[in-house]
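Reader: I would like to learn how to read the main features of a protein model. Please take them one at a time.

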Amino acid sequence: MRARNSFSLCNLIEPLFEARFIPDSYANRIGKGTHRAVARCQEMARSHRYVLRLDIVKHFPAIDHQILSRNLGRVVTDERTRRLIDAIIASGDGILDQEYRPPLFPGDDLLAACRPRGLPIGNLTSQFWSNCYLHPLDLFVKRELGCRAYLRYVDDFCLFHDSKGQLYAWKRAIIERLTRLRLQVHDREGQVAPVRHGIPWLGFVVYPSHRRVKSRKVVEATRRLAARFDAWRAGRISFGEFDATVQGWIAHVPYADSWGLREHVLKRFVW
């Protein structure tokens, strides 16, 4: 019942927010997705010298229920729909408490640690509400900071510019603004990097001229394919199930320059 309510709720309110989202937010949106985010990252890398990459500490466990409800309530005005939203949000209270211990933010008292927070990772509403929660950040970066080359995928985001100093200034402003959402970024002292060094992004390393699959992702894929191959030879799965795993990987890696990689990984599976 809860899953059906969540699905119906998303269908009802998603168009209201979709019209407000910035074009360069790529997660969990029709016509967007991982591969388009990778292509857009490369497009921006070709036009700028430096990149600032940031990601949020324990994004889903850290989402504050009061802030999320307030952000949604600015757009959703129907009282019954808002009650359903608040009920679904409240169902996530404490579910990820063991994964994240929130810091004290400016203005907090000792009761701040008791604020309800957290959304179940993987839930349909959680994925959609992540975009709603971070939408104010998108507007801040684009409109107030004036960053023209910015993109986000869930809680990973990139800013591009030809000035390292400008990117560092934007980083400080973003860290400060995120406190309003009760969020932190990893590596507060991280460096701005030249785009020619490659940008780790969504399982790829993106260069202005080409893309590569991350080494860690290649190792993981090789182990997964080997396990599925052994399972097929042992009769635990059908050839169709093994082939589906192969085809899924083949469909993913062409978004990098990977012909030699595909040949290297797949040649070991001989039958």
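This is a predicted model: local features need pLDDT of at least 70, side-chain atom pairs count only at pLDDT 80 or more; totals for chains, interfaces and linings use all residues.

Reader: How do I read strand pairing, and which strands are joined to E3 by bridges?

Author: Strands in a sheet pair through backbone hydrogen bonds, and the pairing is either parallel or antiparallel. Here, strand E1 (residues 50-55) is joined to E3 by six bridges, and the two run antiparallel. Strand E2 (residues 150-153) is joined to E3 by four bridges, again antiparallel.

Reader: Is strand E3 largely enclosed or open, and why?

Author: The count of buried residues decides this, with buried meaning under 20% relative accessible area. In strand E3 (residues 156-161), five of the six residues are buried, so the strand is largely enclosed by the rest of the structure. E2 is covered on both faces: Tyr-150 and Arg-152 are buried on one side, and Leu-151 and Tyr-153 are buried on the other.

Reader: What is the order of the strands in the open sheet, and which are the edge strands?

Author: The open sheet has three strands in the order E5-E6-E7, with antiparallel pairing. Strand E5 (199-201) and strand E7 (211-213) are the edges, since each pairs on one side only. From one strand to the next, the twist averages 25°. Between strand E6 (residues 204-206) and E7 there are three bridges, and Val-206 has Arg-211 in E7 as its bridge partner.

Reader: Now helix packing. At what angle do H4 and H6 pack?

Author: Helix H4 (residues 65-73) and helix H6 (residues 124-144) pack at about 85°, and their axes are 10 Å apart. Angles of 65 to 115 degrees count as roughly perpendicular, and H4 and H6 are therefore roughly perpendicular to each other.

Reader: Which residues meet where H4 packs on H6, and what are their classes?

Author: From H4 come Ile-67, Leu-68, Asn-71 and Leu-72; from H6 come Trp-129, Cys-132, Tyr-133 and Pro-136. By class, this contact has seven nonpolar residues, one polar and no charged ones.

Reader: Last, a single side chain. Where is Arg-182, and is it buried or exposed?

Author: Arg-182 lies in the loop between helix H7 (164-178) and strand E4 (193-194). Its relative accessible area is 11%. The cut-off for buried is under 20%, so Arg-182 is buried.

Reader: What does Arg-182 touch, and which side chain is joined to it by a polar contact?

Author: The polar contact, of 2.8 Å, is between the side chains of Arg-182 and Asp-108. Leaving aside residues up to four places away in sequence, Arg-182 touches Ala-62, Asp-64, Ile-67, Tyr-100, Pro-103, Phe-105, Asp-108, Ala-112 and Arg-115. One of these, Ile-67, is also among the H4 residues that meet H6.

Key
Residues are numbered from 1 along each chain as its sequence is written. Side-chain values use heavy atoms; hydrogens and water are left out. Axes are lines fitted to C-alpha atoms, for helices over the stretch in contact, and angles run from 0 to 180 degrees between N-to-C directions. Angles under 35 degrees count as roughly parallel, over 145 as roughly antiparallel, 65 to 115 as roughly perpendicular and the rest as oblique. Contact means heavy atoms within 4.5 Å. Ala, Val, Leu, Ile, Met, Phe, Trp, Tyr, Cys and Pro count as nonpolar, Asp, Glu, Lys and Arg as charged, and the others, Gly among them, as polar. Buried means under 20% relative accessible area, exposed over 50%, partly exposed in between (1.4 Å probe, protein chains only). Two strands pair if DSSP finds at least two bridges between them. A polar contact is a pair of N or O atoms within 3.5 Å; within protein, one must be able to donate a hydrogen and the other to accept it, and residues adjacent in sequence count only if both atoms are side-chain atoms.
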